[in-house]
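Hi,

Here is the structure I said I would pass on.

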Amino acid sequence: MFIINGEQWRTLFVPPNDVSLLKPNGDFAIGACDDYTKTIYLNNQLYGDYLKKVLCHEITHAAMFSYNVSLSLAQEELLAELMSTFGEEIVDITNIIFNYLKRKGRY
């Protein structure tokens, strides 16, 4: 369980053909974020770095839902993909620079 903006979310690993992963077009996703149940569903065959990427992608959706960020589906997917691909690097660089600035008394 985790909390975003006061909303409690959970993650569940489900089989690849679980209904929670079913997309409107009939295909199955590898991950899904359900705002109604406040649950992130993950294909239970994911592991390693790919699991981390999919989890980050779905947590980004959860954050957008929790903060009522209203984007088109295409924009939402683009942002989630950006975060899952480059978010860790962005946060790491920010922390390096911010820690440097704190040592220099800029904080």
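Glu7 comes out as partly exposed, because its relative accessibility is 25%, and the cut-off for buried is under 20%. That is in the predicted model, by the way, so please read everything below as computed from a prediction.

Glu7 also has a charged partner: its side chain forms a salt bridge with that of Lys38, at 3.4 Å from N to O. Glu7 belongs to strand 2 (residues 7-14), while Lys38 is in the loop between strand 3 (31-34) and strand 4 (39-43), so this contact ties together parts that are 31 residues apart in sequence.

Lys52 and Glu88 make a salt bridge, with 2.9 Å between the closest N and O atoms. Since Lys52 lies in helix 1 (residues 48-66) and Glu88 in helix 2 (residues 73-103), the pair ties together parts 36 residues apart in sequence. Both ends are partly exposed: Lys52 has a relative accessibility of 45%, and Glu88 has a relative accessible area of 48%.

Next comes Glu81 with Lys53, another salt bridge, where the closest N and O atoms are 2.6 Å apart. Here Glu81 is the partner in helix 2 and Lys53 the one in helix 1, so parts 28 residues apart in sequence are tied together. Glu81 counts as partly exposed at 35% relative accessibility, and so does Lys53 at 24%.

How many salt bridges does the count come to? Four. There is also a network: salt bridges with shared partners join Glu7, Asp35 and Lys38 into one.

As background, strands of a sheet pair through backbone hydrogen bonds, either parallel or antiparallel.

That's what I have for now. Happy browsing!

How values were computed. Residues numbered from 1 in each chain as written. Predicted model: local features only at pLDDT ≥ 70, side-chain atom pairs only at ≥ 80, totals over all residues. Heavy atoms only, no water. Helix = DSSP H or I, 4+ residues; strand = E, 2+ residues; numbered from the N terminus. Buried < 20%, exposed > 50% of the residue type's maximum accessible area, 1.4 Å probe, protein only.
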